[in-house]
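Hi,

Here is the structure I promised to pass on. Have a look at it first, and then read my notes below.

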There are 2 protein chains.
Amino acid sequence: MYVIDYEERDEIRVDMPGAEKTTMRWLVGRRSGARTYAMRYFEIEAGGKIPLHQHAEEHEIFILDGEAKLLGGDEGMTAKKDDVVFIEPNEPHGYDNTEGESPFRFICVIPLLEE
Amino acid sequence: MYVIDYEERDEIRVDMPGAEKTTMRWLVGRRSGARTYAMRYFEIEAGGKIPLHQHAEEHEIFILDGEAKLLGGDEGMTAKKDDVVFIEPNEPHGYDNTEGESPFRFICVIPLLEE
């Protein structure tokens, strides 16, 4: 058992092509106890985004703060504080906070697939 | 892809022996898309607790609000808003908010083990 404030985890700039003003932290990853799934923290500043992309890992997401457009779903779809978002494996998705006025912060859990 | 406010999920009283003033919600479970891990939401009111217990499922936890004593770890261990808690498989653990003055709310992700 351990307890750690999320801010003690390294803040890493998300350098995916097209990503802007976004950082992430591995809260529980392979090196910190995760076996089959990992918990990450994302923060997209006002004016930032993670563009549409896709991968084999599904997402289980909980929004901590802010509101942003969800890319890849129905037109006009948004997610806000206290929302749960589920994204299927290989489903195109992204998060657009370019028109937001506050940070969009969320927890995102992914499976640790075979490397 | 779907988006849902956590409050739209059914609130279920936790009836584990010794649990007090505690409810949970399945945010993403088997019926709502989870494949190998599930995201749940817990709320322990001020004065409530989940007593020491153990099981095969590890926990990856993010504290949303409040502060509570963690049972089963080092003496005096607590968890508060913005903390990450990791609990190993079969490690005894519990959460004591009996002396707290506000709800202790957290996200808890577990593996979906073979039934």
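This is a predicted model: local features need pLDDT of at least 70, side-chain atom pairs count only at pLDDT 80 or more; totals for chains, interfaces and linings use all residues.

Is R31(B) buried or exposed? R31(B) has 7 other C-beta atoms within 10 Å, so it is exposed; the cut-off for that label is 12 or fewer.

Strand 3 and strand 4 of chain B run antiparallel and are joined by 7 bridges. One pair to look for is R25(B), which stands opposite Y41(B) in strand 4. Strand 3 of chain B also pairs with strand 2 (residues 12–13) of chain B, again in the antiparallel sense, over 2 bridges. There, I12(B) has M24(B) as its bridge partner. The hairpin made by strand 2 and strand 3 of chain B has 6 residues between the strands, and in it G18(B) takes a positive phi near 95°.

Two other residues have a positive phi without being glycines. K21(B), with a phi of about 50°, belongs to strand 3 of chain B. K21(B) counts as partly exposed because it has 17 other C-beta atoms within 10 Å. The other is N90(A), where phi is about 65°. N90(A) is in the loop between strand 8 and strand 9 (93–96) of chain A, and it counts as exposed because it has 11 C-beta neighbours inside 10 Å.

Stepping back to chain A as a whole, you will find 0 helices and 10 strands. Its C-alpha trace spans about 40 × 30 × 25 Å along the principal axes. For 115 residues, a compact globule would have a radius of gyration near 13 Å, and the 14 Å of chain A agrees with that. Of those 115 residues, 33% count as buried. If you take the contacts in chain A with a separation of 6 or more, 63% are between residues 24 or more positions apart.

How are the two chains related? Chain A can be laid on chain B with an RMSD of 0.0 Å, by a turn of 180° and a shift of 0.0 Å along the axis. The two copies are therefore related as by a two-fold rotation axis. In chain A, Y37(A) has the C-alpha nearest that axis, at 3.6 Å. The same surface serves both copies, with 100% of the contact residues of chain A recurring in chain B.

On to the contact itself, which takes 35 residues from chain A and 35 residues from chain B. On the side of chain A, the elements giving two or more residues are strands 1, 3, 4, 5, 8 and 10 of chain A. Strand 8 of chain A supplies the largest share, 5 residues. By class, this side of chain A has 21 nonpolar, 6 polar and 8 charged residues.

Strand 8 (residues 83–87) of chain B is worth a look too. What does it pair with in chain A? Its partner there is strand 1 (residues 2–5) of chain A, in the antiparallel sense and over 4 bridges. Within that pairing, Y2(A) has F86(B) as its bridge partner, and D5(A) stands opposite D83(B). Strand 8 of chain B is also joined by 4 bridges to strand 5 (residues 59–65) of chain B, and these two run antiparallel. Here F86(B) turns up again, this time as the bridge partner of E60(B). Strand 8 of chain B is mostly covered, with 4 of its 5 residues buried.

Last, the core. Nonpolar side chains tend to be buried together in soluble globular proteins. The largest nonpolar core here has 52 residues, and those with the most contacts inside it are F62(A), I107(A), V109(A), F62(B), I107(B) and V109(B). To see how the chains meet there, pick F62(B): leaving aside its neighbours within four places in sequence, it is in contact with L27(A), M39(A) and I107(A), as well as with V84(B), F106(B) and I107(B).

Over to you, and enjoy looking around.

Cheers

Note on methods: Residues are numbered from 1 along each chain as its sequence is written. Chains are lettered from A and ligands numbered from 1 in the order in which they are written. The radius of gyration is taken over C-alpha atoms; the globule rule is 2.2 Å times the number of residues to the power 0.38. A residue is buried if 20 or more other C-beta atoms lie within 10 Å of its own, exposed if 12 or fewer, and partly exposed in between; C-beta atoms are placed from the backbone. Two residues are in contact if their C-beta atoms, placed from the backbone, lie within 7 Å. Two strands pair if DSSP finds at least two bridges between them. Ala, Val, Leu, Ile, Met, Phe, Trp, Tyr, Cys and Pro count as nonpolar, Asp, Glu, Lys and Arg as charged, and the others, Gly among them, as polar. Copies are superposed by least squares on the C-alpha atoms of residues with pLDDT of at least 70 in both. A nonpolar core is a set of buried Ala, Val, Leu, Ile, Met, Phe, Trp, Tyr and Cys residues joined through C-beta atoms within 7 Å.
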